[in-house]
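Have the structure open while you read.

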Amino acid sequence: MQPVDLVALAIAVLYVAVWLVRIAGHELPLARLIEFCFFLSLGYFIFRFFGWARSRLLWSLRNRLIVAYIFIAVVPVVMLLAMAAITAEIVYSQLGGYLLVQDIESRVEKVAEAADSVASGAGAQPAGNQAPVNVRQAVPAALQAHLVTLESAVPGLEVDLRSDGRYVALAGKNTTRFQGIVQSEGQLWLLSESRHDATTVVARAPVTPTQLDAVAPYLGPVQLVLTHPATNSDEQGSVLSVAGEQYGTGRRISTGSSRALQAPSSWMDFRINGFSKLDAVLATPNGLVPSPIFASFSARRSQLDKRLFASLGDLSSSYIEVLLAVGLVFLILEIAALITGVVLTRTITRSVADMYSATQYVKAGDFSHRVRVERADQLGSLAESFNAMAGSVNTLIEEQKKRQRLENEISIAHEVQTQLFPRILPKVEGVELDASCRAARGVSGDYYDFIQISPTRLGIALADISGKGISAALLMASVQAALRSQLLQGCGDEIHTGEIVGRINQHLFLATAEDRFATFFFAVYDAATRKLHYTNAGHLPPFFICGDKVEKLEAGGTVIGVFDSIEFEEGVVEMQQGSLLVAFSDGLVEPENVYGEEFGSKRLCDVAVRSKNAAVHAVVENLLGAPEQWAGTAEQADDMTVVVLRVKRAAASERA
């Protein structure tokens, strides 16, 4: 048991103690904190339990396949059914809300029709006449019958021949009619105001439970909730937020008790609960303000289906029956698939169990055990492959041992070669040095060296041996030994780089085969004269950067190790303060990008120029990093070596 488990268990014990003391009528100190920690511990134990159960349950391949089948086949089906149920709920609730709103709006249209008819049929009314006007007498006889029809369709319809036109003003400047739902004097009205010439008529009908009973009779109980702009006096629970506006709820208008939800016609005839919003205005002493009406209702699916499939008539039930039949077939296919999956699972797991038993023999060192091949399928081929693998395991183990010995030898060679590179950079007054070599394999065929000849003279060498691996590393060690023996035995005051390179060439020619050679750059820098004497034997020309001037050091000759006696030229450059020498191997210019384009010496020169004022270590890192970034991969195709030398700038006091 882990320490965290012990802590969680101790907290659980403390919680039990708190619970027992609380039953006794007392309260322990820090009881709330202990309760909080207990719930944290409970969550931790649940997490650990699921981890333990998962590891035990899913260890068996059979259980894994069953769980996989559940997630692949069963869970999607359940999710599809759930999505279908949710979609049906949304569609039916929206359909019911749409039908309810449409029925109410049709009644508003009838009220508007009454207002338009009276406004166009009645004569102009005197402005100062406040006496009641008989609407039936104010309109032609042909219109009176139409009003009777509208009154029967909209109970409680009232028409007033005199109106102040405030509703028409709300509808807009170029509009002569307003129609909608209005809350006025605590009552909800279906109202329309119409202006014709000099006559403005308002028609309205109150929304009462009796009238609401006649709205959308195929629905169950309906309730309308009146609202008003929220005020500080409204209770918090009665305030609704709609589109960023706050509304307080008020009076409710419901259908009568005689209007109940229809009984279900089948077990699939579920209940639908819907909600909708109707645009309305509220008449206040200060004018008219928008204040919506919220409608809620309930309905049966079968009643909504009749409205949805009204154009199909009696055929609507046939569509539902076909859908149920398809669902039943789908269920039968799902059960058949489950049975097939279980049978296949047993077949697979039996073969896997045989394979697992065979691996235990191999684990114990018995490579003679073989798996029985009972069927000519992929599992049988797997068993045959296992038998073939078991027969070749001994050979593979021997090859692995040989490879391990070779890797150990390469590791030792790498350590030895690392000792050959300068571990401590020489100290020459006025000079900054740095270098780095990154091998493409365990050992490198590149060679660089700094050899301090005298307090003011420094030898600099950079070579690239042909080939890679251990053979190139051995040849690199030979070149290093020959160069150091030439320089450290005493060369006097005069050192000719061409002669030194010629001797190294003769040594390499006599000590190696004809197909082995090396490119070699050797230079001697004298701090007293600030002159760099160099010889380039077939190596990529180093960059000599002085201010804005870039010069390639090419004087020398061909590669070393191919011909016996060759004379090499010696070049000389004067290194002013701040000048920079950058020598490098071909591993920095040959990396290719995804289009097969080489990085090239020009791009490398641009990197060196941009970094010329940075510290020498930063210059080295920039030069090594730029080709890797160009190639887009950290894998090297060749060894990468760079050597940087800079002549320091004199301090201000020294210049003075």
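**Notes on the fold**

1. Let's start with S9 and S10, which run antiparallel to each other and share 4 bridges. Strands count as paired here if DSSP finds at least two bridges between them. The two form a hairpin with 2 residues between them, and Thr 284 has Gly 287 in S10 as its bridge partner. Helix and strand labels are DSSP runs numbered from the N terminus (helices are H or I with at least four residues, strands are E with at least two).

2. A word on what you're looking at: this is a predicted model, where local features need pLDDT of at least 70 and side-chain atom pairs count only at pLDDT 80 or more, while totals for chains, interfaces and linings use all residues. Residues are numbered from 1 along each chain as its sequence is written, and side-chain values use heavy atoms, with hydrogens and water left out.

3. On its other pairing, S9 goes with strand S2 (residues 177–184) in the parallel sense, over 3 bridges. Ile 181 stands opposite Ala 280 in S9. Of the 5 residues of S9 (residues 280–284), 4 are buried, so the strand is largely enclosed by the rest of the structure. Buried means under 20% relative accessible area, exposed over 50%, and partly exposed in between (1.4 Å probe, protein chains only).

4. Now zoom out to the sheet. It is open and mixed, with 6 strands in the order S1-S4-S3-S2-S9-S10. Strand S1 (158–160) and strand S10 (287–290) are at the edges with a single partner strand each, so one side of each has no neighbour in the sheet. From one strand to the next, the twist averages 35°. Within this sheet, strand S3 (residues 187–196) and strand S4 (residues 199–206) run antiparallel and are joined by 8 bridges; Leu 190 stands opposite Ala 205 in S4.

5. Have a look at strand S14 (residues 457–465) too. How many of its residues are buried? The count is 9 of the 9, so S14 is largely enclosed by the rest of the structure. In a regular strand the side chains alternate between the two faces of the sheet. In S14, Arg 457, Gly 459, Ala 461, Ala 463 and Ile 465 point one way, and Leu 458, Ile 460, Leu 462 and Asp 464 point the other way; all are buried.

6. Strand S13 (residues 446–452) pairs with S14 over 7 bridges, and a hairpin joins the two through 4 residues. Asp 449 has Ala 461 in S14 as its bridge partner. With S15, S14 pairs over 9 bridges, and Gly 459 stands opposite Val 524 in S15.

7. On to helix packing. The axes of helix H11 (residues 469–488) and helix H12 (residues 497–511) come within 10 Å and cross at roughly 140°. That makes H11 oblique to H12. Axes are lines fitted to C-alpha atoms, for helices over the stretch in contact, with angles from 0 to 180 degrees between N-to-C directions. Angles under 35 degrees are roughly parallel, over 145 roughly antiparallel, 65 to 115 roughly perpendicular, and the rest oblique. Residues in contact (heavy atoms within 4.5 Å) include Leu 475 and Leu 487 in H11, and Ile 500 and His 507 in H12. By class, this contact has 8 nonpolar, 3 polar and 1 charged residues. Nonpolar covers Ala, Val, Leu, Ile, Met, Phe, Trp, Tyr, Cys and Pro; charged covers Asp, Glu, Lys and Arg; the others, Gly among them, are polar.

8. Helix H13 (residues 600–610) and helix H14 (residues 616–631) have axes that come within 10 Å and cross at roughly 135°, so H13 and H14 are oblique to each other. Arg 603, Leu 604, Val 607 and Ala 608 in H13 meet Asn 622, Leu 623, Ala 626 and Trp 630 in H14. The contact divides into 6 nonpolar, 1 polar and 1 charged.

9. Most residues other than glycine have a negative phi. Ala 216 has a positive phi of about 45° and, at 0% relative accessibility, counts as buried. Arg 530 has a positive phi of about 55°, and at 33% relative accessibility Arg 530 counts as partly exposed.
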